[in-house]
Amino acid sequence: AVLAQADLYARLPPTAPVAAPAEQPAPTRRRMAHLVSTEGICPDDRWNWWGLAALGEKVYGAPCHAHSILELDTETGGVRGISTEHVHEGPWKWRDPVVCLGRVYFTPWDAPCILELDPATDSLRAICTEDVHSGKDKWSSAAVINDAVFFAPSSAPGVLKYDPSTDGLHLFSTDYIHSGAWKWESACVAQGRLYLSPWDAPCILELEPAAMSVRPISTVSFWQGEDKWFGCVALAGKVYFLPHSADQILELDPSTQTLRGISTEDFHSGPCKWRSALGALDRVWMLPWDACCALAFDPCSGELKRVPQTPQIHTSEACLGACELRGRIYTLRSDGVLALDIASVFGSTARMATPSRDRPCQRAVPGPAQAKSADSPSRSLSQGSAEAAEAEAAADKRRADAQAAEAEAKALHAKALAAEEQAAAKRGRAEAAQATAQAKQEEALAAEAAARVKRAEADAAAAAFLAERQEAEAAEAAAQADKEAAHAADAVARGKQDELRVRQEDEEAMRQRHAAVEAEARAKRAEEDAAKQIAEAEARARRAEAEAEARVKQAEVQDAAVLEAQRLAAWTMMSWLAPCGSQAASLIQSLPATDPRHTLLTRLVYDTCAGHRHSVSCQSFYPPPRLEVKDVSLVHNPRLVKLYLAQVEQIEDLRKTSGCADLPAFANLLLPLHDGFGRKNLNEHLLFHGAASPVLNEVCQRGFDPRLYDESAGRMFGAGTYFAASASQADVYTEDFTARLPRRAERKLIVARVLLGAAFRATAPLPQAVRPPNGEDGRPLDSVWADVQANGGAVDHLEAVVYSPGQAIPVAVVTYAHAEGCPCSECRKRPAA
């Protein structure tokens with residue numbers, strides 16, 4: 001309004017008395033750009049921080065080479081560092097941050113974890129990703145969908161999802177689409193889907209979180225090679241990908257899945273052009289890496305403009321990240337953080353309302369207040385003057401627009417004439433070039449005709465010379481024929497003499513042929529005799545070889561039979577319970593290595609080992625342990641045998657009618673019924689039990705009793721004694737978790753004879769159980785066995801639980817150690833020495 005009044009006063013005649021307008025304060029103007037230095041926070045390094053994110057009134061930079069997070073207070077302009085040295089050290093740690101649920105999450109590049117910052121308390125937390133993927137250049141950027149953070153894979157095998165509400169990680173595999181390093185770079189969200197910019201990959205990656213699916217969108221027809229597009233941003237219902245080595249902005253319409261290229265060759269060409277992108281004020285802002293300038297693209301008008309620069313601040317400096325806050329763009333550079341005032345970039349006409357990123361672009365439409373009629377009868381004189389000035393200014397503007405349009409039309413006409421003249425000149429040059437080419441062609445034909453004449457003359461001279469030489473050769477041939485005739489006469493005479501000699505030689509040759517025929521017949525007879533002898537020798541060799549093979553097979557069958565007999569003998573010996581004598585103390589007797597029971601128990605330890613998780617939350621299993629059995633000792637305790645037999649009689653009496661259903665899951669550990677009692681199958685098995693050495697000795701003396709030795713540690717299935725079908729499961733409990741033994745230390749586990757009887761199959765925890773659940777007849781069953789998760793159960797490995805002290809007795813103690821370099825999960829937890 002002040003400027004309009006000043007213009008009105010300037011247009012009035014100088015003699016007109018005009019009252020001076022009231023002085024009004026000049027409006028405050030924000031600087032277009034200013035630089036906030038980061039000097040002193042970390043040693044100078046171009047890669048100190050990589051990527052920015054805004055939360056509240058502060059901007060945070062991800063520590064790449066720096067040892068602290070960069071924090072910029074946009075109200076005070078103060079900067080400081082939040083140390084990350086206690087989390088992880090080294091270069092290339094984290095990259096582009098993202099804000100989710102009031103916290104800042106930093107993308108793990110080479111670091112082994114996602115970094116979480118709580119700005120309210122300045123506290124840091126590491127979220128380990130090593131169980132998902134380890135190595136370098138893992139994930140490159142992040143985006144948030146439905147309060148979950150998604151990380152774009154660079155060298156990792158898939159998109160990583162982190163849910164802060166459950167603290168859970170999930171990997172969407174992408175190796176079947178494209179594998180290798182440097183696959184995708186930046187991430188953005190449009191219409192509830194995640195889009196990743198193709199760096200070395202030949203396609204854009206689209207992830208649908210609701211459907212848990214990923215899909216490629218090919219970009220091969222637009223650009224091929226490496227370092228194609230880097231940054232990406234969603235704006236006005238479309239997704240835009242910034243060209244790094246490509247020569248055009250790539251526009252994706254998610255609704256129609258169509259792509260369009262927007263050339264940037266008029267501004268900069270070559271590799272490594274633009275790197276960071278963001279959407280603000282209805283524009284896509286492209287911040288440079290090696291490009292000569294920053295660009296702003298308007299999706300509604302399709303206009304692409306260069307961002308103005310000031311003599312003090314050059315926006316063409318390489319950008320390592322950017323974010324928008326309160327109408328300013330903050331870009332991360334090697335010398336500090338550049339704050340760029342968006343409204344000042346293209347003047348006061350820049351639109352300040354930032355639309356929804358998924359909403360189609362819409363221009364501002366005047367509201368009812370702007371179209372309101374102003375026909376009040378009490379309009380003042382000053383208002384009339386202002387309106388007259390505005391009308392005159394509008395007329396001047398229309399005249400200026402008309403003159404500009406006329407000038408533009410003349411310029412277009414001049415350009416058309418110039419283009420027509422250039423086309424005529426091009427046609428003249430083309431006709432001249434065609435005439436020149438035709439003249440050159442005629443000259444070439446003339447030169448070729450002259451060359452043919454010269455070749456004909458040379459051929460004629462050569463033919464004359466050849467004829468003369470042939471006549472000379474004919475004369476020489478006649479002279480030679482005369483000589484040959486004389487020689488022929490001499491030859492006839494010599495021929496008669498030779499004929500006589502030949503006849504004599506023929507007779508001698510006939511005699512030699514007869515002798516050769518006789519010799520050949522003798523050789524043939526000798527050859528036939530030799531062939532017969534060879535055939536007989538080969539037949540004898542085949543018979544000997546067949547006999548040897550038969551003896552070897554017979555020996556193998558006998559060895560297999562012996563091994564099977566030894567195995568059955570060992571099982572039979574293990575199933576036999578020695579009669580109860582007067583001996584009251586427990587007897588532990590070491591078995592020699594040749595004893596079948598030693599072989600059987602050693603084989604069971606080796607064969608039942610399986611892989612285990614590193615922790616309950618870990619999804620993957622480590623390899624089975626490699627064990628070395630040192631000793632196998634039998635345990636005989638008459639008192640415990642007596643209690644066990646009493647329990648056997650009790651269960652046999654209870655199950656004489658209904659019987660005990662077989663347990664196929666434990667079939668490889670079932671004892672044969674050869675103990676002399678003639679009982680039915682009561683599901684007696686050899687199972688493993690792990691305990692620390694003091695508890696193990698007490699069990700051998702007094703038997704299993706959860707009331708005394710805390711054998712029900714964990715209590716997943718109540719207060720019972722727990723047994724494992726795998727030796728590796730029992731190995732976990734052979735030590736005190738608060739004072740772990742060295743990895744190579746000798747350990748002991750118990751092989752127990754367990755009476756399962758009629759067992760209950762547990763598919764869920766029973767933490768309050770003090771006895772087995774009731775069977776179909778309403779009476780309690782004899783034991784509980786826990787099925788594995790693969791069959792709908794609740795555990796990783798088969799377990800059995802008994803709640804009566806007499807239902808299990810120790811029958812053997814196995815002493816063993818983990819082999820050198822054992823890869824199992826427990827060796828990773830135990831100290832080396």
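**Strand β16**

I began with strand β16 (residues 203–208) and found it mostly covered, since five of its six residues are buried, where buried stands for under 20% relative accessible area, exposed for over 50% and partly exposed for the range in between, with a 1.4 Å probe and protein chains only. I took helices (H or I, at least four residues) and strands (E, at least two) as DSSP runs, numbered from the N terminus. I keep in mind that this is a predicted model, in which local features need pLDDT of at least 70 and side-chain atom pairs count only at pLDDT 80 or more, while totals for chains, interfaces and linings use all residues. Residues are numbered from 1 along each chain as its sequence is written, and side-chain values use heavy atoms, with hydrogens and water left out.

I then looked up the partners of β16, counting two strands as paired if DSSP finds at least two bridges between them. Strand β15 (residues 193–198) pairs with β16 in the antiparallel sense over three bridges, with Tyr 195 opposite Glu 206, and the two strands form a hairpin with four residues between them. Strand β17 (residues 213–218) is joined to β16 by six bridges and runs antiparallel to it, and here Glu 208 stands opposite Ser 213. The hairpin of β16 and β17 also has four residues between its strands, and in it Met 212 takes a positive phi near 55 degrees.

**Two open sheets**

I traced an open sheet of four strands in the order β10-β11-β12-β13, with antiparallel pairing. Its edge strands are β10 (139–145) and β13 (168–173), each pairing on one side only. Neighbouring strands of this sheet are turned by 25 degrees against each other on average, direction ignored; the axes are lines fitted to C-alpha atoms, for helices over the stretch in contact, and angles run from 0 to 180 degrees between N-to-C directions. Within the sheet, strand β12 (residues 158–163) is joined to β13 by six antiparallel bridges, and Tyr 162 stands opposite Leu 169.

I also followed an open sheet of four strands in the order β1-β28-β27-β26, again with antiparallel pairing. The edge strands here are β1 (33–37) and β26 (322–325), each of which pairs on one side only. I noted that β1 pairs with β28 (residues 336–341) over five bridges in the antiparallel sense, and that Ser 37 stands opposite Gly 336.

**Nonpolar cores**

For the cores I used sets of buried Ala, Val, Leu, Ile, Met, Phe, Trp, Tyr and Cys residues joined through side-chain atoms within 4.5 Å. The largest has 59 residues, and those with the most contacts inside it are Leu 686 and Val 751. Strand β37 (residues 808–818) gives the most to this core, with seven residues. Apart from it lies another core of 24 residues, among them Ile 41, Leu 52, Leu 320 and Ala 339. I listed the contacts of Val 751, taking a contact as heavy atoms within 4.5 Å; leaving aside neighbours within four places in sequence, its partners include Leu 601, Phe 688, Ile 809 and Val 814.

**Single residues**

I found Thr 264 in the loop between β21 (258–263) and β22 (274–280), where it counts as buried because its relative accessibility is 0%. Not counting residues up to four places away in sequence, Thr 264 touches several residues, including Pro 243, Asp 247, Trp 274 and Leu 304.

Ala 646 lies in helix α4 (residues 638–654) and, at 43% relative accessibility, counts as partly exposed.

**Cysteines**

With a disulfide taken as a pair of cysteine sulfur atoms within 2.5 Å, my count came to zero. The sulfur of Cys 113 has its closest cysteine sulfur in Cys 128, at 7.0 Å, which is too far for a bond, and Cys 113 is buried, with a relative accessible area of 5%. The sulfur of Cys 827 is 3.6 Å from the closest one, in Cys 824, also too far for a bond.

**Totals**

Of its 833 residues, 39% count as buried.
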